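Subject: Structure for your review

Dear colleague,

My notes on its salt bridges and on one of its cavities follow.

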Amino acid sequence: MVLGKKSIKINGADVGVEAILLGAVTAIGGFLFGYDTGQISGMLLFSDFKNRFGQITQPDGSKEFESIIQSLLVSLMSIGTLLGSLTSSYTATWWGRRKSLTFGVGLFIIGNVIQITAMHSWVHMMMGRFVAGLGVGTLSVGVPMFQSECSPREIRGAVVASYQLLITFGILIANIVNYGVREIQDRDASWRIVIGLGIFFSLPLGVGVLLVPESPRWLASKEDWEGARMSMARLRGLKHDPHHELVEDDMKEMREVLEKERTAAVGTWKECFIPNKNGVPKQVYRTFLGIGIHFLQQWTGVNYFFYYGATIFQSAGIKDPIQTQLILGAVNVFSTLFGLWVVERFGRRWPLFIGAIWQASWLAVFASMGTALKPEENKTSGIIMIVSAALFIASFACTWGPIAWVVIGESFPLRTRAKQASLATAGNWLGNFMISFLTPLATDGIGYAYGFVFVGTNIMGALLVWFFLYESTSLSLENVDLMYSEPGIKPWNSHKWMPPGYITRMQRDEEYFHHPEKGSDDLVIGNGTKEMHPHEEREERVVNHRV
């Protein structure tokens with residue numbers, strides 16, 4: 001493939017066009033996630049959809065949903081995604097990252113076909129959403145993991161964050177499609193078109209992912225070192241020169257850590273939860289950190305705002321709920337675009353910490369105004385709540401939305417990466433299910449004061465990030481492991497840590513990498529030997545370099 005020979009310079013290093021193409025194609029998985037999430041909210045308003053699947057007959061002969069049936073119809077997709085996210089660790093390990101993603105697309109298409117063929121049974125429609133959820137769950141684990149393993153470190157944060165960007169874009173497109181077909185909502189074509197377009201949107205991912213390089217780290221884990229080298233070369237735009245020094249450096253870093261991990265055999269589910277002397281640093285710690293961040297991503301309250309959006313914006317004079325969703329979706333998309341710059345410019349920890357505090361502040365304003373002055377009766381209160389909602393969504397979209405996916409893509413060791421990523425994503429979908437199922441009950445009981453619950457969960461998220469999350473920006477996945485193994489490094493000062501052989505996180509010490517007689521024995525190698533502590537060696541080389 002000629003693209004494997006083309007590259008562009010980013011931060012002074014060659015990044016292959018195929019790496020950029022891979023990021024763009026796989027991010028479609030996020031689009032499907034968002035589109036499938038966004039389509040149901042509008043479909044529930046279509047008269048033909050309600051008349052076919054509703055239970056309560058109105059005086060005019062039309063039908064409405066029972067609240068529990070509507071809750072199941074919406075939330076059972078989250079159960080499917082939870083199960084899909086757990087089983088995806090097996091498919092990603094057995095078949096490779098690419099074929100696992102194609103399998104997820106296949107499940108998504110089957111689920112959509114089941115939905116399209118539903119005639120009058122809400123159970124039929126619900127099971128179609130469940131099967132589609134299995135596919136989305138597979139993609140929600142596989143895409144960030146595949147992106148993080150394949151993307152050169154110079155663009156890894158932005159590429160993985162693009163997954164969240166495409167989620168928001170998928171929600172927006174679903175809202176636009178719903179808005180476009182609302183004029184024919186008394187016909188079954190309205191909702192069947194919405195679902196059918198999801199199949200069309202999934203095809204570029206299902207086919208395109210088979211044309212890009214396989215994960216070099218997965219190939220290496222299967223002892224296919226030549227395949228891993230060629231994949232790494234293509235991702236650097238150096239297919240014509242697989243022994244280029246840049247490829248050699250990447251291979252060297254990957255090989256050293258993989259050989260050390262391989263001495264402890266294949267990772268199991270048990271070691272994700274129970275400490276084990278297998279040479280992998282902070283393995284259980286990282287499992288619960290990933291689950292915690294993703295569970296709290298859902299409990300920031302973003303889906304609560306989308307749920308309550310129609311009521312809030314109606315107080316400002318906007319009568320069309322689908323138009324309301326378009327406004328919220330637009331804020332979400334444009335803020336996530338800004339988030340792609342934030343994740344590379346400011347790293348992971350500070351945006352997540354500041355974002356959580358900012359979100360808690362505006363949620364406090366929202367809940368206080370809603371409980372003190374009902375927005376339905378007081379226009380000023382409604383306007384303030386609208387501003388609070390918009391500022392909250394803007395913050396989430398450029399911090400917790402994209403960066404939570406970046407964190408699970410780069411925080412886990414290879415031997416259990418698929419399993420830990422599955423567990424973290426399952427935590428996300430568990431939180432998603434709880435929000436979608438419990439929100440109607442909570443709002444019926446305490447109204448807008450429900451926002452104070454999310455104030456507390458955002459503060460919890462800020463504390464989790466500050467005390468437990470290590471700064472992994474600009475580090476290779478292998479060096480992330482080395483950082484977690486350093487006993488003197490704490491999360492709040494982890495941004496100061498430099499890997500051995502680097503002057504800064506973006507600048508290699510060329511002498512270290514290209515003079516094996518000076519550098520190779522100083523690294524931790526397969527047999528666990530090392531002659532000098534990495535920090536001591538790095539500091540000595542930095543001094544010599546500056547002199």
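Lys50 counts as buried, because its relative accessibility is 16% and buried means under 20%. Please bear in mind that the model is a predicted one.

The side chain of Lys50 forms a salt bridge with that of Glu64, at 3.3 Å from N to O. Lys50 belongs to helix α3 (residues 47-53) and Glu64 to strand β4 (residues 63-64), so this pair ties together parts that are 14 residues apart in sequence. Glu64, with 31% relative accessibility, counts as partly exposed.

In general, side chains of opposite charge can pair when their charged atoms come close. How many salt bridges does the structure hold? There are 9 of them, and two further pairs are described here.

A salt bridge of 2.9 Å, N to O, joins the side chains of Glu248 and Arg229. Glu248 sits in helix α11 (residues 245-262) and Arg229 in helix α10 (residues 225-235), so the pair ties together parts that are 19 residues apart in sequence. Glu248 counts as partly exposed at 29% relative accessibility, whereas Arg229 counts as buried at 10%.

The side chains of Glu410 and Arg348 also meet in a salt bridge, at 2.7 Å from N to O. Glu410 is part of helix α18 (residues 400-410), while Arg348 is in the loop between α15 (321-345) and α16 (349-372), so the pair ties together parts that are 62 residues apart in sequence. Both Glu410 and Arg348 are buried.

Salt bridges also link Asp48, Arg52, Asp188 and Arg192 in a network.

I turn now to the cavities. Rolling a probe the size of a water molecule over the atoms shows where empty space is left. Searching the whole structure gives 4 cavities of 30 Å³ or more. The second largest cavity contains about 200 Å³ of space.

Which residues lie nearest the centre of the second largest cavity? They are Gln164, Ile167, Ile171, Gln298 and Asn303, from a lining of 16 residues. At least two lining residues come from each of α2 (28-43), α7 (156-181), α13 (283-298), α14 (302-314) and α19 (417-446). Helix α7 contributes the most to this lining, with 4 residues. Sorted by class, the lining of the second largest cavity has 9 polar residues, 7 nonpolar residues and no charged ones.

Yours sincerely,
Your colleague

Notes. Residues are numbered from 1 along each chain as its sequence is written. This is a predicted model: local features need pLDDT of at least 70, side-chain atom pairs count only at pLDDT 80 or more; totals for chains, interfaces and linings use all residues. Side-chain values use heavy atoms; hydrogens and water are left out. On a 1 Å grid over the protein atoms alone, a cavity is a set of points where a 1.4 Å probe fits but cannot get out, and a pocket is an open set with protein on both sides within 12 Å along at least five of seven lines; lining residues have an atom within 4 Å of a point. Grid points are joined across faces, edges and corners, and a volume is the space filled by probe spheres set on the points. Ala, Val, Leu, Ile, Met, Phe, Trp, Tyr, Cys and Pro count as nonpolar, Asp, Glu, Lys and Arg as charged, and the others, Gly among them, as polar. A salt bridge is a side-chain nitrogen of Lys or Arg within 4 Å of a carboxyl oxygen of Asp or Glu. Buried means under 20% relative accessible area, exposed over 50%, partly exposed in between (1.4 Å probe, protein chains only).
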